[in-house]
Amino acid sequence: MSESTKTGVFWGVALVMLAIAAIVAWPTPTNNERIADVGRPMFEEFKDPLTAASLKVVTFDELQGQLDTFEVRKDRTSGIWTIPSRNGYPADALEHMRDAANALVALKILDIQTENAEDHDDLGVVEPKLEDLEVGDEGVGRLVTFKDESQKTLASIIVGKPVANEPGKVYVRKPGQDPVYVVKFDDAPLGTRFQDWIEDDLLKLSSIDIAKIEIKDYSAALAGGRQLSLSRNYTATVEMDGSQWKLGELLSFDPTSAVAAGTKVEVPADKPLNTTKLNDMKSALDDLKIVNVLRKPDGMSANLRANKDLLSDDEAVRSLMTRGFIPASTGGEEDIEILAANGELIVGLKDGVEYSLRFGNASGLSEDDEQEAEAADGEATKTASGVNRYLLVTARVNEAHFPPPDLKSVPQSLEELEEMQAAEAKANEPANEEPANEEPAAEAAPSDGSTPSAEMPATEPAVTEEPAPEDAANTETEAKQEMIAEPKADQPDEPTETGDASPQPEATKPEPEAAEPNDSATDESEPATENSSQVQSTSGVMLVSAQDDAATSDEPSLEAPAQAADAPAEKAEELSADEKLERLEAEQEKITKENQRKIDERKDKMAVAERRVRELNARFADWYYVIAEDTYRKLRISRDELFTTEAAQNPADAAAPNMQFGAPGGFPGFPGQQ
């Protein structure tokens, strides 16, 4: 075989091999290659949503040409969920994170739309990479990534546009891969709205637990050279009395002195509080929502007091003052109190916990704040009015809510014990005994032993025999003369004298011919005899004459209590010295245990309140809060709004002091002031 023939054979074989290789390497149609993926989970290894320890969502702002990142992460040491994009603010993310992770755990492929990378922008699944993008780029998707505690990626997906005419279906793809899938996907749990990932109920209180509110209406601002201008309008304490508001105290202030004590204002009783406004305030406290948060400067304690070292930190002071919170000396050498530009509100609860709310400047006026909010979640955090309001919140225990208990004295000797028991018996005696002279005289037993009729009126005397007409006349005449000579007020009290002290109508004088000496004692028309209890009315004056033998019959009942009272004393005398000592020790132990029970009860209640305060301040300590402006307006009540319009029109209100002040001069002790 010639060389040329050999060369031709080799080239022929090479061409055949290349053809075979081309046929083997040639891609099969998409439907044949990916058909097995349809109906399978997109992330087969991601089965347990609780293994997710972080969520990161990246979106692209077409107008600004920048990426917005929202992240929720679980701390590996403490186990607390935080939002790194908001300086580590605590997230209420346990259930929310589970729901978000479940959105990818259960995600199944329904169809394969394309494998062509050129179709990515049309389907909205372009990966948000800043180095590959510029202002105005379209079709950029949202990148969602879950990782575990070791930062291993559990699932990552680019969410694109919804599928036309198929509700609930969207286009998605995995980063770094070309195929675009169709899935049924509920991405609501994957939202990046800050309020959705936190406990937005700031105070966590119920309006029915509010016991009182102290309104401190003042304004504070800085004049030139860091000189504080403080204007105090009024301070009022309003309390809940059942379901009604009542005014506890109203103070006015001297407009010429920023540090003078307040003067109590006497409010007329007919000047009602504006319950509508106060109820709106109470409801706003119950539903106080967080719009945004920013971290406070270091060096401030949980109770919003700081030492003078804070004032040397220009960045910290600037951070406070630009938000409407002004450090000022409280008179101590070290303590610095934070005053608020728009006053304070002290909210006391029934369990002894108090909230202090300080209202600062309007939010949204600082470029730093706007940039931080926009970089965090890309959302405008302003309300419809265009601004919000800065708020500082602290909690404390109101120790006045837990007064010391009234402890009982422990007797140190038997004599002290007996004195204490005698004093207690005497203190209880009026409540347990009734005066002996309160029995109506009409109920006294007749001298002849007959029983009074049950039908006899209480105001009628008991009569046992019929007097002669002339005797009755003489008796009536003598009674009139006696009442004229000796007024009833001067008569000594007798044990047997009873009767109604109110004036009685004049008794009808019986006719002599109608008298029957042997009639029953219940005859209402007959006058009383000299031996029975008599009630005679003469010119509106009541005369009561006690029956001698009735008084005599009562003597044994009066002596019985005295004998009973002497019985314990006689019994005590019979006790031996050891028995007396045992009695004393038993009473000492009883009183000591009761006193300790009262002390422990107060201590336990205070401990509950203190624990609650620690929990609240741990959450409040590091943050400026931002609340909606319309909520702020409900929490602020001017002096004119404190009472109703009708009360303001009351002429008596014109005498009330005018408590609207101009701004005084400097505030003593403020740094930089001479």
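# Notebook: cores, sheet and ring pairs

**Entry 1, the cores.** I looked up the largest nonpolar core and found 82 residues, of which F146, L285, Y355 and L357 touch the most other members. Helix α3 (residues 94–105) gives the most to this core, namely six residues. A nonpolar core here is a set of buried Ala, Val, Leu, Ile, Met, Phe, Trp, Tyr and Cys residues joined through side-chain atoms within 4.5 Å. Buried stands for under 20% relative accessible area, exposed for over 50%, and partly exposed for what is in between, with a 1.4 Å probe and protein chains only. I also noted a second, separate core of 21 residues, with A220, L230, L310 and A328 among them. In soluble globular proteins, nonpolar side chains tend to be buried together.

The model is predicted: local features need pLDDT of at least 70 and side-chain atom pairs count only at pLDDT 80 or more, while totals for chains, interfaces and linings use all residues. Residues are numbered from 1 along each chain as its sequence is written, and side-chain values use heavy atoms, with hydrogens and water left out.

I listed 13 helices and 23 strands in the protein chain. Both are DSSP runs numbered from the N terminus: helices are H or I with at least four residues, strands are E with at least two. The protein chain has 674 residues, and 38% of them count as buried. Its accessible surface is about 38,500 Å², with 48% belonging to carbon and sulfur atoms; the areas come from the Shrake-Rupley method with a 1.4 Å probe, and for residues only the protein chains shown count as cover. Of the contacts (heavy atoms within 4.5 Å) with a separation of 6 or more, 69% are between residues 24 or more positions apart.

I traced an open sheet with antiparallel pairing and the order β4-β3-β2-β1-β6-β7-β8-β9-β5. Two strands pair if DSSP finds at least two bridges between them. β4 (89–90) and β5 (109–114) are at the edges with a single partner strand each, so one side of each has no neighbour in the sheet. β5 runs antiparallel to β9, joined by four bridges, and T114 has V180 in β9 as its bridge partner.

β1 (residues 54–61) and β2 (residues 66–74) are antiparallel and joined by eight bridges. K56 is partnered by E71 in β2. Four residues lie between the two strands of this hairpin, and G65 in the turn has a positive phi of about 70°. β2 also pairs with β3 (residues 81–83), antiparallel and over two bridges, where K74 stands opposite W81. The hairpin of β2 and β3 has six residues between the strands, and G79 has a positive phi near 75°.

My search of the whole structure gave ten aromatic pairs. F70 and W197 are tilted, because their ring centres are 6.0 Å apart and their planes are at 45°. F70 is in strand β2 and W197 in the loop between β9 (180–184) and β10 (210–223), so this pair ties together parts that are 127 residues apart in sequence. F70 has 3% relative accessibility and counts as buried; W197 is buried at 0%. F359 and Y632 make an edge-to-face pair, with centres 5.4 Å apart and planes at 65°. F359 is in strand β19 (residues 353–363) and Y632 in helix α12 (residues 629–635), 273 residues apart. F359 and Y632 are both buried. The rings are those of Phe, Tyr and Trp (its six-membered ring), paired if their centres lie within 6.5 Å; planes under 30 degrees apart are stacked, over 60 edge-to-face, and the rest tilted.

R389 lies over the face of Y632, 4.2 Å from the ring centre. The charged end of K271 sits over the ring of F643, 4.8 Å from its centre. I counted a charge if NZ of Lys or CZ of Arg is within 6 Å of the ring centre and within 35 degrees of the ring normal.
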